[in-house]
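Trainee: I am new to this model and would like a close look at one part of it. Please start there and then lead me onward.

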Amino acid sequence: GELLLCEASTVYKYMQEDGSNRGTYGKLVCTNFKISFLDDDSASDDNEPQFKNKIVGENDITLQCVDQIYGVYDEKKKLLTGQLRKYPEKLIIYCKDLRVFNFCLRYTKEEEVKRIVSGIVHHSQTPKLLKRLFLFSYASAAPNNTDGRNQTVMFETLEDWRDELERTKGNVKYKAVTTNEGYRVSEKLPLYFAVPICISEESILKYEGRGIPIWCWSCHNGAALLKMSTFPKEQDDSTSQMQKAFLDGIYKTISKPPYELLKMDDLSSSLPSLQDIQTAYTRFKQLFLIDNSTDFWATDVKWFSLLESTNWLEIIRRVLKKAIEVAECLEIQHTNVLLIEESATDLCCVISSLVQVMMDSYSRTKSGFQSLIQKEWVIGGHGFLDRCNHLHKSEKEEAPVFLLLLNCVWQLVQQYPPAFEFTETYLTVLSDSLYVPIFSTFFFNSQHQRDTNKSGESLKTQSGPFRFLTVWDWSVQFDPKALAFLNNPLYAEKPKPDKSQRKTARFKHQRQLSLPLTQAKPSTKRGFFREETDHLIKNILGKRIGKFINSSDEAPNSLREFYDSWHSKPVDYHGLLLPRIDGPEIKVWAQRYLRWIPEAQLHGGGTIATAAKILDLMEEVQSLQVKMDEEHSQAVSGDVHSVPMLRNSARLSSLFPFALLQRQSVKPALPTSTWKDLEDEDDLVKRDDEFVDLSGDML
């Protein structure tokens, strides 16, 4: 279904990594699916990435992945939108997956420059109709031979909801309902969902499902997590009185036995607004959209202050803190928690998903996590189309809500690796898949919108509904060798691991990725652990945990005790997980945000060095197992996990698997004033990064 729209020859693509003008010539093309640079020099096998996406190559940008386009006129950058009067000599494309492309158009024919620049700007930046998305071109032309379920529960049938109620033992007090069949209650609600047994069909129908507690999940002790969409604020008195009476009736009904006590949490007042989240992320991503070495080293000096001023890590902390509060209510107080939000499809999705990842080990398996995303986000009615602004209709609706969840889950994955069946690479490619319009998963606002747009003429002779692909069929994007990077070889499967198992060693990135421990200015005294210890403890306990507790309605002590008590015990990787949220524990998701920046790489280091060592050991253990089996003349077990062998890991860097080892970037001689506050100025400017061999103290 892909159609060529415009192209330009003799385009020069600059290498991103240094200030020299080295690069390669090729053809720049724009189709109804992507912008692509076709290199004149065919890539040698040596540079073939081990982790290759079959749909989007390293020089491909899907139209939905384009963030902003700049033109360079006489060395000045200008944002390109709408109709252009003058055409640039250089084109810079910033992508939503944080890649930056620099194209020089000086050697291209003027006619071709006009066509390609206006074509790219038009097709990637102007408002679109839904049916013009490539999703529909692909679905009408591509054969659909894949059964993309992969054990992922899609929550499209009543049976799926009943099974989930049974799995969590929520079926005693909650029921799956068919009231919304034919979308007669609301187009925003899914076809099927679960509510408390005592809620009548009339109640659900009365206000289009608003004011109705919808079941998310049940805890082992019977306490449940619920969500509810509120009534619009601007109402006349009589209407709001009726709605208040209706809500009071609902609350009374679900606060009586057999139901637990009910705690309500209005997320719009206890968490940042969507606008705050969007503003913070917009600032944050600018730190990583770097198109030359000079910019990198200039920002490196002010790294902490720039990072803190974005407020993105603080928002992640607040969201994790809220999830801990909810977990404490469910686990310790045996209280039902009702999350309230205007539409119940944004922050409700984030908190309910996080709580389930923290409390239910099934949600930490790959199929369990995918089923959770289906239930809470895809079927739950999160407006992916609006929040990702796929159609470029309105920037007011845009907010990286789903990315916020993935950032929070990543904090848990890096704090407790053995608890998760999937890796950070899985989370990274999941975030990339938000912008690949051949899967329907992240391209609709609701189940109703997807169902009503399913009907259409196929390009083949027979007509019928489109068969959209789901993103959960990873074989569409990756071959088996690459898929192995999505699975965690150190996942602690049941039976539970030995209690004496030590926590995995953690390594520091050269460019620290979390904020300093306190926001106070460091003392001039040298003895950090002497005079400053009392001050530090007061700071941590007073500022951090004080702030962390006081936002709760509960007595501060109960939440503090819950948090401290859990962290004082050994971790059960199949039980409750609580994230560490103090000071520098909240980190930047390095793999996602730094993977295209060669200056930030660790040569032969980073998480990949650890992975390489572990995979080598696993291969050794497997080969010994085979030898032992042969010795005992037993059949060799067929259940040996295939893992990609990372031979010659010294050639790799922390950019792997998204990029191979890049050439060393030479630090530019910045103006002395930039470095004047730093010690050992000359050493810092001149020193080359040393190769660090972590293999000795890896495990």
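Does Glu58 count as buried or exposed, and at what relative accessibility?

Mentor: Glu58 counts as exposed, because its relative accessibility is 58%. The terms run like this: buried is under 20% relative accessible area, exposed is over 50%, and partly exposed lies in between, with a 1.4 Å probe and protein chains only. Please keep in mind that this is a predicted model, where local features need pLDDT of at least 70, side-chain atom pairs count only at pLDDT 80 or more, and totals for chains, interfaces and linings use all residues. Residues are numbered from 1 along each chain as its sequence is written, and side-chain values use heavy atoms, leaving out hydrogens and water.

To find Glu58, go to the loop between strand 3 (34-39) and strand 4 (60-62). Helices (H or I, at least four residues) and strands (E, at least two) are DSSP runs numbered from the N terminus.

Now step to the loop between strand 4 and strand 5 (66-73), where Leu63 sits. Leu63 is buried, because its relative accessibility is 4%. The C-alpha atom of Leu63 is 8.4 Å from that of Gln125, though the two are 62 residues apart along the chain.

Lys34 and Glu2 form a salt bridge through their side chains, at 3.4 Å from N to O. Lys34 lies in strand 3 and Glu2 in the segment before strand 1 (4-14), so this pair ties together parts that are 32 residues apart in sequence. A salt bridge here is a side-chain nitrogen of Lys or Arg within 4 Å of a carboxyl oxygen of Asp or Glu. Lys34 is buried at 14%, whereas Glu2 is partly exposed at 35%.

The structure holds 25 salt bridges. One of them pairs Glu376 with Lys375, with the closest N and O atoms 3.8 Å apart, and both residues are buried. Glu376 and Lys375 also belong to a network, joined by salt bridges that share partners, together with Glu164, Arg167, Lys227 and Asp360.

Disulfides, pairs of cysteine sulfur atoms within 2.5 Å, number zero here. Cys104 is buried at 1% relative accessibility, and Cys219 is buried at 3%.

Finally, some backbone details. Leu98, in the loop between strand 7 (90-95) and strand 8 (100-104), has a positive phi of about 80 degrees although it is not a glycine. Leu98 is buried, with 3% relative accessibility. A cis peptide bond, with omega about 5 degrees, joins Pro257 and Pro258; Pro258 lies in the loop between helix 5 (237-255) and strand 13 (262-266).
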